[in-house]
Amino acid sequence: SHALRVRLAHALVHAGRSAEAGAMFARAAKTASPAAAMILEQHAAEQLLRSGHIDEALALFGTVQAAIGMPLAETPARALAGLLVSRAKLRLRGLRFRERDAGEVSPQELRRIDTGFAIALALSTVDTIRGADLQTRQLLAALKAGEPYRVARGIALEAAFNAAGGGVAAHARTERLVRTAHSLAQRIDNPHALGLAAWAEGSSAYLEGRFAAAHALS
């Protein structure tokens, strides 16, 4: 049954059998409602990516992203162009936001932001430019929505992506992003946001070649 396929897929994840888990999530998606299918396809793509099936994962990610209106760029060149535009928008508007409770934001928009974040994080190690483009777009969406946990989470991931660029200017911006992520996470007292802020600080140190600092923060 559908429920058994989903449970089996999760069991395979816990067993470290990512390729089989991805295939089972994809199979379960075929008998799910449209909303549930999108979530299952995202899980499938994440597991396929972890097991090295990158092309299959990207195809599924593309399907999910198109469904939520935040499509992946078709080529690295388009992703780079999109990234430059979205980063310019982010720098112009800044990180200001009008705080709103999650209940004040539509479930569809929250899901859109959550999906964008999850896929950007998944792509960060295999398709950095497209991941960074998607990350900045989902952060802009989070700032517009104003839900503080998602803003804190997006800023933390932005710090890690920014650190990958290297350079003095990038380092200064990364430090500001890390401080902002820590401050917001502490204010809302969200364990996941706090963990992501700490992860962003350590990851940024590693990506900048500050290995002693990265080790101390690990």
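Guide: A salt bridge is counted when a side-chain nitrogen of Lys or Arg lies within 4 Å of a carboxyl oxygen of Asp or Glu. The model is predicted, so to speak a calculated one, with local features needing pLDDT of at least 70 and side-chain atom pairs counting only at pLDDT 80 or more, while totals for chains, interfaces and linings use all residues. Residues are numbered from 1 along each chain as its sequence is written, and side-chain values use heavy atoms, with hydrogens and water left out.

By this rule there are eleven salt bridges. One of them pairs Arg150 with Asp114, with 2.8 Å between the closest N and O atoms; this pair links distant parts of the chain, Arg150 being in helix 8 and Asp114 in helix 6, 36 residues apart (helices are DSSP runs of H or I with at least four residues, numbered from the N terminus). Arg150 also meets Glu147 in a salt bridge, at 3.0 Å from N to O, and bridges with shared partners join Asp114, Glu147, Arg150 and Arg153 into one network. Arg150 counts as buried because its relative accessibility is 13%, and Glu147 counts as buried at 9%, where buried means under 20% relative accessible area, exposed over 50%, and partly exposed in between, for a 1.4 Å probe and protein chains only. Asp114 is buried as well.

Another salt bridge joins Arg130 to Asp127, the closest N and O atoms again lying 2.8 Å apart. Arg130 is buried at 15% relative accessibility, and Asp127 is buried at 14%.

A pocket is an open set of points on a 1 Å grid over the protein atoms alone, where a 1.4 Å probe fits and protein lies on both sides within 12 Å along at least five of seven lines; lining residues have an atom within 4 Å of a point. The largest pocket holds about 200 Å³ of space, a volume being the space filled by probe spheres set on the points, which are joined across faces, edges and corners. Helix 6 gives the most to this lining, with five residues. By class, the lining has six nonpolar, two polar and four charged residues, with Ala, Val, Leu, Ile, Met, Phe, Trp, Tyr, Cys and Pro taken as nonpolar, Asp, Glu, Lys and Arg as charged, and the others, Gly among them, as polar.

Leu207, which lies in helix 10, is partly exposed, with a relative accessible area of 42%. The C-alpha atoms of Leu207 and Gly16 are separated by 27 Å, the two residues being 191 apart along the chain.

Definitions and conventions: Helices (H or I, at least four residues) and strands (E, at least two) are DSSP runs, numbered from the N terminus.
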